[in-house]
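Work through the exercises below with the sequence and the structure at hand. Try each task before you read its solution.

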Amino acid sequence: MKRETRYALAFGLLALLLFALMAASLAVGSVSLAPREVLERLRDPGGEDFAARIVGLRLRRMLAAALLGGALAVSGFLLQTFFANPIAGPFVLGVSSGAKLTVALVMVYFLSRGVVLGSGGLYAAAFVGSILVMLLILLIAGRVRQMSLLVVCGVMIGYICSAVTDLIVTFADDSNIVNLRAWSLGSFSGVSAENVRLIAVIVGVGTVCAFLLSKPMSAYQLGEAYAQNMGVHIKRFRFALILLSSVLSACVTAFAGPVSFVGIAVPHLMKNLLGTSRPILMVPSCFLGGAVFCLGCDLIARTLFSPTELAISSVTAVFGAPVVIWMLVSRKREVRA
């Protein structure tokens, strides 16, 4: 099969799956709606009947899951490119946990004073946490030569941040615990129209910027020396990768809480689907793959034991962790061969 044909089939498959899951997300749930009902409510978004409200809630949740899933997968690919390690990702390196910690601190501080923090404030807090953890990871990377040790350090940082977050949630006021617990478990529910608009802007700009870095990323994948010879300013390029990855992962944590394994599993699946790691193909495919992965997991999370809803991280871990294990086993076999 020609490469161009394979790429076209892969993107066609992703687009088809995305469309099917978006349709299912709007129609399927504790209250099922016929496709015609969904289309009628989408044509008239100002309706006030019960079906219109359900479609409105599901539409916002569907858009959030697709955008944030894509953002998390692209963020994972950027980190894997930066560290030249396929198991690097926002969740594994503790970046998501750092964002989770700062958001929890800010939420408790403001909620205890009767102030409801806006979406911009939540995102700013998550971004600060992501950057701080990333700087700590980079500091450790300067002292640790082996990538396996760096990943272990990232996991430990993540555990520390998660433990502190759990303490904050445990000792928060009763009125704050419900909000914090729901957010800390991870969910795409409860997003407002304002949240979706902000998510779309942040994720859209971040993904486009990542795509524009495809050419220097391709050179960087062949080594720093080669990238420098091709005219890539290494320090600026590495800073851009870290900044974009933090922007995207912070957006996910701020609005959906911690979502695990998407940033590791999806890029690996896309590499196998496309048969290449070229950034110009990987960035859009990771975005589509992340959207498909999270839409599918979110659909399972809210329908499998309906009306009880599962935490999104529980579902993404069930499907993402086996992919990571398979990836590690495959790499070990390749090394032995």
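The model is predicted.

**Exercise 1. Is F261 buried, partly exposed or exposed, and where does F261 sit?**

Step 1. Take the relative accessible area of F261, which is 22%. Buried would need a value under 20%, and exposed a value over 50%. F261 is therefore partly exposed.

Step 2. Place F261 in the chain: the residue lies in the loop between α11 and α12.

Step 3. Check the backbone. F261 has a positive phi of about 70°, although F261 is not a glycine. Most residues other than glycine have a negative phi.

**Exercise 2. Find the span of helix α12, its buried residues and what comes just after the helix.**

Step 1. Helix α12 covers residues 262-274, which makes 13 residues. At 1.5 Å a residue they should span 18 Å. The end C-alpha atoms are 18 Å apart, so the two values agree.

Step 2. List the buried residues of α12: V262, G263, I264, A265, V266, P267, H268, M270 and L274.

Step 3. Just after α12, G275 takes a positive phi of about 75°.

**Exercise 3. How are α3 and α12 oriented to each other?**

Step 1. The axes of the two helices, α3 and α12, come within 7 Å and cross at roughly 80°.

Step 2. Angles of 65 to 115 degrees count as roughly perpendicular. Therefore α3 and α12 are roughly perpendicular to each other.

Step 3. Name the contact. From α3 come G69, L72, A73, G76, F77 and Q80. From α12 come V262, G263, I264, V266, P267 and K271.

**Exercise 4. Describe the packing of α1 and α13.**

Step 1. Helix α1 (residues 3-27) packs with α13 at an angle of about 30°, and their axes are 9 Å apart.

Step 2. Angles under 35 degrees count as roughly parallel, so α1 and α13 are roughly parallel to each other.

Step 3. The crossing of α1 and α13 is left-handed. Residues of α1 in the contact include Y7, F11, L14 and L18. Those of α13 include L281, P284, L288 and A291.

**Exercise 5. Is A291 buried or exposed, and which residues does A291 touch?**

Step 1. A291 is found in helix α13. Its relative accessibility is 2%, so A291 counts as buried.

Step 2. Leave out residues up to four places away in sequence. A291 then touches L18, A66, G69 and G70.

**Exercise 6. Where on helix α8 do the buried residues lie?**

Step 1. Helix α8 (residues 193-212) has 20 residues. From its first C-alpha to its last, α8 reaches 28 Å, close to the 28 Å expected.

Step 2. Its buried residues are N195, V196, I199, I202, V203, G206, T207 and A210. Seen down the axis of α8, they fall within an arc of 140°, so they line one face of the helix.

Step 3. On the other side of α8, R197, V201 and L212 are exposed.

Step 4. Find the partners. The buried residues of α8 pack against α3, α5, α9, α11 and α13.

How values were computed: Residues numbered from 1 in each chain as written. Predicted model: local features only at pLDDT ≥ 70, side-chain atom pairs only at ≥ 80, totals over all residues. Heavy atoms only, no water. Helix = DSSP H or I, 4+ residues; strand = E, 2+ residues; numbered from the N terminus. Expected span 1.5 Å × (residues − 1). Buried < 20%, exposed > 50% of the residue type's maximum accessible area, 1.4 Å probe, protein only. Arc of directions from axis to C-beta. Contact = heavy atoms within 4.5 Å. Axes fitted to C-alpha atoms, helices over the stretch in contact; angles between N-to-C directions. Parallel < 35°, antiparallel > 145°, perpendicular 65-115°, else oblique. Left-handed = near helix turned anticlockwise from the far one by under 90°.
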